Amino acid sequence: MTSPRPIVDKLKDGMNRLLSRRALLAAPALLPALAQDQQQPRFAGKRPMIVHSDFPEDLESLPEYLSTWITPNDSFFVRQHLPRPKSDAASHRIEIGGMVKQNAALSIADLRALPQTTLPAVLECAGNGRGFYRPRMPGLQWSKGAIGNAEWRGPRLIDVLAKAGASPQAAYADFNGLDVGVGKTPDFIRSIPMRKTLHSSTILALDMNGVPLPDLHGGPVRLIVPGWDGASWVKWVAKIDLVDKINPGFYMNPAYRYPNTPVAPGSAAKPEDLGVLEGMAVKSFFARPADQARAAVGQALTLTGPAWAGENKIVRVEVSTDGGASWRLASLSAKDFQFSWRIWSSQWKPAKPGYYTLCCRATDSAGRMQPIEAVWNPSGYLWNAIDRIGVLVEG
Ligand SMILES: Nc1nc2c(c(=O)[nH]1)N[C@H]1C(S)=C(S)[C@@H](COP(=O)(O)O)O[C@H]1N2
Ligand SMILES: [Mo]
């Protein structure tokens, strides 16, 4: 996403230079400095993360944190466009207005008094994997870890909106969080079409993995839009407006749009050919072993990682230990819910020394399969190429 270059970004750049994020990206074993950092996480409640920016916090999970069905809160990635607002659960209100019978204001206690839904769902930033695209484009250079699967709990939007009486003429619900625009970076507002807003799995989360929603993740209340890209999951929700037209703001246009017709890598898309991102792509990757891991001949290795497909279900994950020449089926973890990921795994005992290229690819219920190359697009969204790692096997 090409965003304006406000003062915040310049500040961030300065901070990043000072904090040398390269050091944080390097292999832990090689750097005593990082080992020390691991004992003292710099962000409240977080394990050491890949720090793309620490003001506002843009923190990426390491692939090794993503080998379990639930991603614990201490390992979950964080993405913010604007400085994190101060929020207070006791005084927080969500105001509902626009095309409604009567305006309403709901406290956290009001939201907790409604019937609660518990829903495991994947949250993935649209820009996850942007750092792998060539040619490169501006934006956070995420690698694999702007993704996680958590159990969200809270009331359904349809029940919340009933408190105000949504007009059947409303086409979108605009969600605005407590964070506000700074300098040239505009306020973060997202329009969700009513068909998705009123879907029975669209909820306002008050809890994440069994505890009150942490501040970093939008506490006390955030929007959960299962299967859709992370930008739809508005944090610190304070205002919901029902409207008949999509919000004209930056975060609906040109941000978070994807060309309907693929463009040549490195070239621009026609603005009129861009559509708003909704459901996410099919993908899988290696959480373990780590890329460039070393192993011994005859050693039993578990290859494993998550697979998900936005609003579709995963039907198959295949792995290759010969660079994609041959494939075999991986097994899938038992829990199989729409919107949630599955953990795939496969055992491998290398018989000969050598440098092996391992690949994994997922197929979903709509017949989509991970491609060899992700479709290049100007903002670097939806990276989902077949994942490849190298493993050196020594005799
Ligand atoms: N209010 C607000 N909500 C927001 C954002 C933001 O900048 N402000 N960022 C969005 C983006 S781009 C993503 S990917 C997710 C990240 O959620 P997380 O920080 O809980 O991982 O939050 C979304 N919700
Ligand atoms: Mo995002």
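Predicted model: local features only at pLDDT ≥ 70, side-chain atom pairs only at ≥ 80, totals over all residues.
Local features require pLDDT of at least 70 and side-chain atom pairs pLDDT 80 or more, while totals for chains, interfaces and linings use all residues. Residues are numbered from 1 along each chain as its sequence is written, and side-chain values use heavy atoms, without hydrogens and water.

Ligand 1 is surrounded by 20 residues, each with a heavy atom within 4 Å of it. The closest are Phe77, Asp179, His217, Arg222 and Lys235. An oxygen atom of ligand 1 lies 2.7 Å from a backbone N or O atom of Phe77. The side chain of Asp179 places an N or O atom 2.7 Å from a nitrogen atom of ligand 1. A polar backbone atom of Trp233 is 3.0 Å from a nitrogen atom of ligand 1. Taken alone, ligand 1 exposes 530 Å², and the protein buries 100% of that area (Shrake-Rupley method, 1.4 Å probe).

Ser346 belongs to strand S22, residues 342–348 (strands are DSSP runs of E with at least two residues, numbered from the N terminus). Ser346 is buried, with a relative accessible area of 7%; buried means under 20%, with a 1.4 Å probe and protein chains only. Beyond residues up to four places away in sequence, Ser346 touches Leu301, Thr302, Leu303, Val319, Arg328 and Ala330 (contact means heavy atoms within 4.5 Å). The side chains of Ser346 and Arg328 are also joined by a polar contact of 3.4 Å. Such a contact is a pair of N or O atoms within 3.5 Å; within protein, one must be able to donate a hydrogen and the other to accept it, and residues adjacent in sequence count only if both atoms are side-chain atoms.

Terms used. Chains lettered and ligands numbered in written order. Helix = DSSP H or I, 4+ residues; strand = E, 2+ residues; numbered from the N terminus. Buried < 20%, exposed > 50% of the residue type's maximum accessible area, 1.4 Å probe, protein only.
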